[in-house]
Every structure is written in structure tokens, then in C-alpha cells.
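Take a look at the sequence and structure, then read on.

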Amino acid sequence: MSIRTRNWLLLAPAGTLFLALLIVPLTVVLVFSFGERAPAGGVVPAFTLEQYANLPARWTAFKNTLTLAPIGTLAALLIAYPLAYFLAVRADPRWKTILLILVIVPFWTSILIRSYAWIFLLGGRGLPALLEWIGIDGVRLINTPFAVLVGIVYGYLPLMVFPIYVSLERLDKRLLEASSDLGAPPWRTFLQVTLPLSVPGIATGCMLVFILLMGEFLIPAMLGGGKVFFVGNALVDLFLQSRNWAYGSAVAVALVVIMLITVTVYMRLLNRLGASRDDVAIM
Amino acid sequence: MTKVTDHISKQKFMEELNRFRKGSITRRHFLNVTGLGAATAVMGAAIPGLLTRPAFAAGDIGDRVILATWPNYHDPANFEAFTEATGAHVQMNVFGSNEEMLAKLQAGGTGWDVFVPTNYTITTYVGEDLIEPLDTSMLPNYDPAAYDPRFSDAGSVDGKLYAVPKDWGTTGYVVNNNHTGGKKLTSWKEFWDMTMDSFSGRTMVHDYQLTTIGNALKYFGYSFNSIDEKELADAEKLLIDAKPHLFAISSDYQPSIRNGDAWMSMAWTGDGKQLNADMPEIEYVLGVEGGEIWSDYYAVPKGAPHRDAAYALINFLLDPQVNAREVLAHGYPTADAHTNKLLPESLLNDPILYPAKELLTALEFGAAVTLTDPNRAELMARFKSA
């Protein structure tokens with residue numbers, strides 16, 4: 001068997017899955033997006049750009065998603081970094097495994113159930129009642145964009161913690177000592193050595209969280225009380241409520257395109273950042 | 001075991017109602033939100049197939065029947081009795097909206113044998129050729145004369161019977177009288193005005209265009225079913241003005257009403273009944289302007305894989321004894337006179353289940369076009385994203 005044949009054979013399972021679960025469905029969505037809604041719902045094949053012309057009608061959904069997704073990603077990063085740093089650098093090795101498992105444990109329960117827990121925590125008899133007890137009245141948490149943000153950060157935190165943890169874990173501790181020996185105070189060592197070296201972890205974590213947030217629909221529906229409308233919610237309504245598959249497909253295609261552009265720009269920026277750092281290293 | 005009760009005492013009724021309430025965690029909204037509509041409760045399927053099957057009086061109808069229905073809408077004991085009597089296990093798929101059921105049937109390959117559509121969807125199912133005309137010879141328990149035609153009419157399309165009535169109900173609203181300052185609410189006008197005034201941040205509307213837009217139309221005295229552009233524009237303005245004052249847009253209103261976060265919400269009969277039974281300060285109101293009345297049916301999709309079992313299940317559920325237990329479990333009225341004879345007087349006189357005649361006559365049945373009108377769907381999307 002030639003190497004070529006063997007390579008193809010080894011690629012076959014992944015390739016088949018890729019074709020069946022990604023290429024084919026995406027093609028169907030693309031074809032649907034040029035169709036029209038059948039009178040009783042569904043889709044009739046056609047070639048019209050009408051669905052794309054209607055996209056501005058979902059502008060608010062796109063705007064909400066494109067606002068909350070970066071904010072959510074940033075918030076998750078700010079909370080996850082110190083935690084990952086602690087786990088990778090400071091934590092007692094004996095406890096490390098247990099602490100890591102504790103980060104994963106919530107993943108063993110469905111996000112739906114965990115979001116329900118937040119409904120009670122943020123509802124009138126949860127945190128607001130506690131705040132009232134200590135004298136802060138009239139705080140409304142549930143069904144606000146803030147509640148959605150809390151849910152998002154909570155739900156996706158482990159996805160941010162782990163990549164950063166891995167990059168910090170592999171960090172060569174001798175570099176930190178060298179920095180210290182050369183007279184850098186800890187904050188400077190952190191900013192000039194630790195942080196730049198953990199950029200790959202940050203980049204991966206942000207990308208994972210951001211992509212998932214762009215498609216999110218469950219958390220805004222549950223913690224936003226249906227008042228915070230994401231593209232994901234628009235899609236659920238279009239497919240399962242008004243059954244406008246053609247328009248739903250166009251919205252889905254638009255979302256995919258926006259994600260592709262965002263991710264491409266993001267990768268370019270990262271590469272450039274990486275390249276400039278290499279230059280510095282050579283100097 | 002099949003327990004046949006001729007008459008159900010008040011105490012038993014309260015027990016049944018309590019049981020229903022305890023099981024009320026799964027809700028329409030929960031399913032809507034997951035988008036899955038597939039909180040599938042499998043009732044001991046598979047295993048009986050491995051065992052030697054005993055002979056059943058009704059003949060062999062197979063080992064299972066798949067039912068697509070709504071949350072908290074049946075008495076599980078009835079299903080156990082059905083299995084006991086026929087050998088077929090009831091496998092239940094629970095749904096969040098009529099649209100979702102329609103979407104699934106349109107996509108095909110559901111595997112359902114029996115499902116529970118609401119009155120205004122049936123002509124659409126017939127038009128799309130998705131359900132089969134019922135063979136009444138296989139439904140000996142179905143007595144058309146026993147039904148109030150108001151609640152059984154929609155089951156027939158062009159003189160052919162496609163669906164038999166399950167139960168009916170109304171769409172009104174619940175209000176917590178502890179917060180109204182002694183004022184008694186009676187109209188949709190008050191519902192919306194209060195929302196934008198003293199109830200700001202305390203009102204919920206359904207995540208369902210049919211009822212939310214319909215009840216906004218009632219503010220102006222328009223038809224619940226209107227698809228008139230100008231009238232819809234008025235309703236849209238009202239909805240957008242009211243939105244900042246809403247606590248939530250969600251069909252899962254019971255928890256928020258119960259814990260006091262929300263003081264008022266659009267509601268269906270059964271939820272109104274349950275809330276009022278636990279918290280007497282919660283009142284179920286039907287707007288004097290009118291609103292929605294609806295009726296749910298049993299139907300058989302085309303190509304049902306266990307057709308015999310489907311008919312056997314519908315026939316079983318139409319048995320007045322069985323149906324009476326169903327009513328006690330789900331808390332919605334039935335239009336079947338035979339079943340009503342078996343129900344306690346207190347239930348038949350309950351003003352939530354059986355509203356006063358003048359309130360009832362003002363109500364409208366939803367129309368097929370109300371559900372499928374693209375302008376109403378877009379209006380709802382604009383309201384939700386505003």
C-alpha cells in the first residue's frame with residue numbers, strides 16, 4: 001500500500017463525517033436560503049434574494065449578539081485568567097487535580113438545569129432578597145442583560161480556564177527566575193513574560209467561547225426572560241415557530257459569514273502579534 | 001392494575017390536583033427554550049418485546065404506541081392501565097407549541113401514532129395531507145352526539161372526521177390581587193394599562209404570537225384573529241410601548257407568579273386553576289372584550305407506524321371513566337357529556353373551568369390563518385427584539 005493510499009484511508013472516516021455532517025447540511029441551508037416560505041410553512045425551492053434583502057429585519061438580533069458575545073468573552077477571560085493562573089502556577093500540586101475536577105464538575109450537568117438554578121438565584125427570592133436584608137432595596141436582576149451576562153460567563157468559564165491553564169502549565173519557570181534575577185519586579189515579570197507566553201491559551205479560549213456565544217439561544221431565553229433576543233433565538237423562532245425555513249436559512253448563512261469574517265480577522269491579528277513578538281525575540 | 005372508580009370524591013379530586021401540581025415542573029416554555037421538544041418520556045418500552053406476550057382481548061396491536069402531546073396533560077395511571085389491557089406501552093413526546101408539532105410533521109419521519117393538535121391547526125394538517133381521516137368503526141367509544149359541537153366542529157374538515165375532542169380551555173390572565181389595591185380587573189384594556197403603570201416590571205406575556213398579539217388586539221376591541229394591517233400596526237405599537245414594562249416574554253409563568261416576582265400574566269385555564277387553588281389571591285380573569293377559546297383534539301398522522309395501537313389508545317382515552325381521570329389530572333374541562341356525568345359537582349361549577357356565559361360568548365376560536373400569517377410572525381419577532 002502506497003503512503004498516499006494509506007493517508008487517504010486514514011482520512012476517510014473524518015472526511016466522511018465532515019462531508020455528511022458539515023458540507024451536506026450547510027449546502028442544504030444555502031439552497032434553502034434562496035427559496036421561499038411555503039404558505040403553511042417550510043420551504044419551496046426558488047431562486048430569489050428576497051430572504052437576504054429581508055435580513056435588516058433581524059438587525060437587532062445581530063446587534064445584540066455582536067454586543068454581548070465580545071463582552072461575555074472578555075468577562076469570562078478576566079475571571080478565568082486569575083483562576084487558571086492560580087491552578088497552574090500557585091496551587092499545591094497535591095490539590096491541583098481535585099481543583100481541576102471541580103472546574104469540570106458543572107459540565108456533568110446540563111446547561112439547562114444550571115440555568116434554571118440561576119433563575120432562582122437571581123429571582124426575587126434569591127440575591128435581591130439577600131441584598132434587601134442588608135438594606136439595598138429594589139434590585140432587579142433576573143430578566144436583564146446582566147443576568148444573561150452572568151449566565152454566559154458562568155456557562156462557558158471552563159472553556160476559557162482550560163486553554164489558559166494548559167499554556168501556563170507549560171510555562172518554563174526558569175524564565176520567571178531569569179526575569180527576577182535581572183531585577184524585574186513581579187508585576188513586570190507577569191506583564192513581559194507570563195502574559196505574552198500565555199497568549200496562545202488566551203487566544204484559543206476566547207475563540208472557543210466567542211464562537212459558542214454567537215450561536216447561543218438558551219441562556220438569553222431563560223435568564224433574559226425572552227426580552228434579550230439573540231440571533232440564536234431568532235433562528236429558533238424562525239424554524240420552530242413561524243416555520244419560515246427560507247428566511248431562517250438566510251439568517252443562518254449571514255451568521256456563518258459574520259463568524260468567518262470575525263474569526264479570519266482575529267487569526268490575522270494574532271499572527272501579526274506573534275510575528276512582531278518573534279522580531280523582538282530576535283533582536 | 002386498572003382501578004375503576006365510579007365516582008370521584010372531593011378529597012380524591014384534591015389529591016389528583018396536587019399530584020398534577022407537583023408534576024408541573026416541565027412546561028411549555030421549558031420545551032420551547034430547549035428547542036428540542038423532545039423531553040421524551042419512555043414508559044418502559046423495549047423490555048416487553050423480550051418477554052413472551054400474553055394474549056389480549058383487543059388482539060395484538062403491537063408493543064408500543066407513540067403519543068405527541070403537551071406537558072402535564074395526561075394521567076400516567078391511565079397509560080399504565082392501557083398497557084395492562086393491551087400490551088402496548090405508551091411512549092410520550094412532549095411539545096411546546098403547535099408550530100413545533102407542525103414543523104416536525106412537515107419535516108417528516110416523526111414516528112408518531114397519535115398527537116394532540118389544537119382546533120386552528122387541523123385544516124392546515126389536512127391541507128398539507130399530514131393526517132388521516134379517522135375510521136370511526138375503530139373508535140366505538142366516540143359518540144359525536146355527546147359533544148358540545150362548539151368543541152368538536154373543528155375535528156371535521158369538508159364533512160370528514162379527522163380529529164376527536166380531548167378537552168378545551170380559555171386564554172385569559174392571572175393577576176395577584178394583593179397588588180391591585182382592591183381594584184377588580186375585568187378587561188384586557190386594564191391588563192395593558194396596568195402593565196404600563198402600577199404593574200411596571202411585573203407583567204408577563206406569552207412567548208406565543210397567537211395569544212400575545214391576539215390579546216394586544218383586544219385592547220382596541222379588534223378581533224383576536226385579525227390580520228388587518230392597520231389593526232396589527234396598532235397592536236404592535238401597544239406591544240412595543242409595553243415591552244420595557246414587562247417582567248418577561250415567556251410561556252413559563254407559573255414559577256414567577258408563585259414566587260412573587262411577577263404579579264400578572266397571560267394564562268391558560270389549567271394554569272389559572274392550579275395557581276388559584278394554591279394561592280387564593282391569584283385570580284383568573286377573562287377580558288370582557290373577549291379573547292381566545294380553544295379545543296384540543298386527538299388525531300392520527302398519515303403513515304403512523306402503529307396504527308392499530310393508535311386507534312386503541314384514542315378509543316381508550318375516550319372512555320368516560322378514563323377521560324374523567326384525565327380531566328382530574330390536567331384540570332381542563334371536557335366537552336363530553338358522558339365524562340361530565342362522572343365529575344364532581346364542584347368541578348363542573350368552577351368558574352375558572354366553566355366561565356360565565358356572557359364571558360364565554362365574547363371569546364373567539366383561533367383561526368388557521370392566525371397561526372400561519374407571516375406578518376404576525378414578523379410582528380412578534382420585532383416585538384421580541386425591540
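1. Chain B is split by an automatic or database domain assignment into domain 1 (10-168 + 295-348) and domain 2 (169-293 + 356-385). Between these two, 21 residues of domain 1 of chain B are in contact (C-beta atoms, placed from the backbone, within 7 Å) with 20 residues of domain 2 of chain B. The side of domain 1 of chain B that touches domain 2 of chain B draws at least two residues from each of α1 (10-22), α2 (28-34), α6 (122-127) and β7 of chain B, with helices (H or I, at least four residues) and strands (E, at least two) taken as DSSP runs numbered from the N terminus. The largest share, four residues, comes from α2(B).

2. A word on reading the model: it is predicted, local features need pLDDT of at least 70, side-chain atom pairs count only at pLDDT 80 or more, and totals for chains, interfaces and linings use all residues. Residues are numbered from 1 along each chain as its sequence is written, while chains are lettered from A and ligands numbered from 1 in the order in which they are written.

3. Now to a strand pair in chain B. Strand β7 (residues 163-176) of chain B runs antiparallel to β11(B), joined by four bridges; strands pair if DSSP finds at least two bridges between them. B:Val174 sits opposite B:Tyr284 in β11(B).

4. Which way do the residues of strand β11 (residues 282-285) of chain B point? B:Ile282 and B:Tyr284 point one way, B:Glu283 and B:Val285 the other way, and all are buried (20 or more other C-beta atoms within 10 Å of a residue's own, C-beta atoms being placed from the backbone; 12 or fewer is exposed, in between partly exposed).
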